[in-house]
Amino acid sequence: MAIYNPPLDEMRFMLNDVFDVEKFWQANENLAHVDMDTVNMVLEEMAKLSKNVLLPLNCSGDEEGATYHGDGVVTTPAGFKDAFKQYAEAGWIGLGGDPEYGGQGFPKMVTMLTEEMVFTTNQAFALYPNLTVGATLCLLASASEEQKQTYLEKMYSGEWAGTMCLTEPHAGTDLGIIKTKAEPQDDGSYLISGTKIFITGGEHDLADNIVHLVLAKTPNAPAGSKGISLFLVPKFMVNEDGSLGERNTLAAGSIEHKMGIKGSATCVMNFDNAKGWMVGEENTGLASMFVMMNYERVTMGLQGLGGTELAYQNAAAYALDRTQGRSDLGVQNPDKAADSIIHHADVRRMLLNARANAEASRCFAMYVAKQLDESKFSIDEDNAKAAAAHVALLTPIAKAFLTDKAFEAAVDSQQVFGGHGYIREWGMEQIVRDTRISQIYEGANGIQALDLLGRKIARNQGKYLESFLAEIREFVANMKADHEIKQATLDAASVIEELTTTVLTNISTRKTEINGCAVDYLHAMGYLCYAFMFAMMVEAAHDKEGEFYANKLKLATYFVGRILPRIKAHADMVRTGSEPMMDFDISYFEQNIS
C-alpha cells in the first residue's frame, strides 16, 4: 500500500506565513468567525480520516471497481459505503456550505486543503462528495427558496448526493447541440427524456437519494447554448414532509470501464419522462451550471495536486531506500554494496520537479481560493469585482496547468521506481492512471486553454491580464528578500506581456491562431503563475530561521534554473503561430487510414 503523511506543516506555512489568513479573515466581517485554532483542528481531523480510512481503500477500490448489476443497480467497492458514512456524519460535505441550510460556512482557503487530502489518498472516492458539493453550489446560486429548503440540508449532510448531467453521446464540448428534452406539465414540473454519458456518481449505493442536475431544452427553445435550461431531477421523489416517495423514471444504463478512478461510478444515465423541476429561469441553464463547473475546474487542480503529493512522497521514500550504484561524489553508504539512489542527480531531478510542482500548485490553489473568498464574502463591491476578474482569468490555468504538471510529476515519480513503478503492487501505476483523467474531464485542458486565450484574453483585449501583471510587479517591487526569483518573475511577466500583444495582433489576420496557440500560451502563463507563487513563498520564508524555511529558498532557486526556462520554449511556439500545423492538406491525415 502507498504511504501518505499529510503535509500539515506545508499547509500551515501557506495559511500563516504566505497568506496571513487570520489578518485576511479578521478584515472581513463575513469571515471574522474563522480562527486558526479551529482550522488546525479541522485539518488534523481530515488528516486522520484521509490517512487511516480513505488511503487503505485506494488500492482495493481500484482492484474491485464500481459494479453494474443490471436493472440500473450500481454498487461501490467494499468499504466505500462505510467510509462515505463516516465522511458525511463528520460534516465534511457541508464544510463550506451555507449555514442557513445546514452548512458550516468555512471559506474556500480552508476547504481546498481538506479536499487536497481526500484527493491525495483516494481520487475515486473523492469524486462522490465533490460532485455533491458542486451541485449544492449550483442550487445555492440559482434554485428557488423552496428548492433550497427541500434539498440543500440533505445534501450537506450526505443523506442525498448530487450530480451534474451535461454530456451526451454526440455533445461534449458543444453543449448547444444536446437533444435531451423537457416537456412542461400543468403542475409546473417537466418531463425529462434523453441520455447523458460520463455522469460521475450517476448511480451508487452511498446515499438514500441522488439529485441530478440535468441540462435539457424546452419546446421551441432557441438554437444553440442560448436554449439550454437546467432541471433538478431526483432519483426518488420528495414528499411534502421531506420523506422519499416513489422512484423516478430514470436509471443507469451501464457504467464505463475506465483506465483509472475505477472506484468512481461513471454512468450512462437514461431519463425516460423523468419528472423534474426547472432551476432558475428558462434558457439560462448553462450559466447556472457554470457555477458548478467552475468550482469543479478549480477542484480538478486539487486532484492534480493530490496526485503529485502522493506520487512524490512514495517516490522519495523509495529513493531513500533503494540502493543502486555509487554516488558521483564517492561512497555514501560504505556499509552497503551500493548507495541509495537519492544520491544520483538525475533521481533528484525527477523528485525535485515533482516537489516543486506540489508546492507551487498548493500555493496557486490557495491564491485562487483567496480570490474566490474575496469575491464571495467581501463587503467592498470593488474588491469583490476585482477578485471575480482574477478568478475568471485564473480558473482555466488552475484546472489545466496544475493537472498537466501533475501527470508529468506522477510519471517522473513512477520513473524513480524503475521497473517497480510499472508493477501494480507498488501503487505508482495507479497514481498515473488515476491522475490522467484530471486532464480530460470538467472541460479538457485544450478547451481550458481556448477559454483562457479566446475568452479571458482576446475578448477583452487583455484587461484581466493587465491587473494581474500589475499585482505581480507591485509585489516583487516590495519584496524584502534578496533572491533570484525576483528578477525571474519580472522577466516572466514581460514575456507574457509581449506574447499577449503578439497574439492579439496575429488573431486579427489568422483565423486559427487562438486554436493553434492556446495550449502553449496557457503553459507559458502557468509558469508565470508558478514564478509568482515562488516569489510569495520566498518572501514569506527569507527572514525565518530553520531548515524548513531555508529549503523554501533552495527549491525556488531550483525552480528558477531548472523549470522556469520552459516558459521561453512555449513562448517561441506561440510566436511561431498556427500556420505550420494548418499547412497540411487533409489528405496527409488520410494516408494509411484505409
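I start with a pair: K235 and E203 form a salt bridge, with the closest N and O atoms 2.7 Å apart. By salt bridge I mean a side-chain nitrogen of Lys or Arg within 4 Å of a carboxyl oxygen of Asp or Glu. K235 sits in the loop between β7 (229-234) and β8 (236-238), and E203 in the loop between β5 (190-200) and β6 (209-216), so the pair links distant parts of the chain, 32 residues apart. Helices here are DSSP runs of H or I with at least four residues, strands are runs of E with at least two, and both are numbered from the N terminus. K235 and E203 are both buried. Buried is under 20% relative accessible area, exposed is over 50%, and partly exposed is in between, with a 1.4 Å probe and protein chains only.

Now the ground rules. This is a predicted model, where local features need pLDDT of at least 70 and side-chain atom pairs count only at pLDDT 80 or more, while totals for chains, interfaces and linings use all residues. Residues are numbered from 1 along each chain as its sequence is written, and side-chain values use heavy atoms, with hydrogens and water left out.

Back to the salt bridges. The whole structure has 34 of them. One of these joins the side chains of D17 and K544, at 4.0 Å from N to O. D17 lies in helix α1 (residues 8-18) and K544 in the loop between α16 and α17 (547-563), so this pair ties together parts that are 527 residues apart in sequence. D17 is partly exposed at 23% relative accessible area, and K544 is partly exposed at 32%.

Another pair is R424 and D62, with the closest N and O atoms 2.8 Å apart. R424 is in the loop between α11 (381-416) and α12 (428-436), and D62 is in helix α4 (residues 56-64), so parts 362 residues apart in sequence are tied together. R424 is partly exposed at 35% relative accessibility, whereas D62 is buried at 5%.

What about disulfides? The cut-off is a pair of cysteine sulfur atoms within 2.5 Å, and the count comes to zero. Take C363: its closest cysteine sulfur is in C529, 11 Å away, which is too far for a bond. C363 is buried, at 0% relative accessibility. C59 is partly exposed, at 36%.

Next, helix α16, residues 513-541. Its 29 residues reach 41 Å from first C-alpha to last, close to the expected 42 Å, where the expected span is 1.5 Å times one less than the number of residues. The helix has a kink of about 40 degrees centred on V519; the bend is the angle between axes fitted to the seven residues ending at a residue and the seven starting there. α16 is mostly covered, with 26 of its 29 residues buried.

Last, the whole chain. It has 20 helices and 11 strands. The radius of gyration, taken over C-alpha atoms, is 24 Å, close to the 25 Å from the globule rule (2.2 Å times the number of residues to the power 0.38), so the chain is as compact as a globular protein of 594 residues. The C-alpha trace spans about 80 × 65 × 60 Å along its principal axes. Of the 594 residues, 57% count as buried. Taking contacts as heavy atoms within 4.5 Å, 74% of those between residues at least 6 apart in sequence join residues at least 24 apart.
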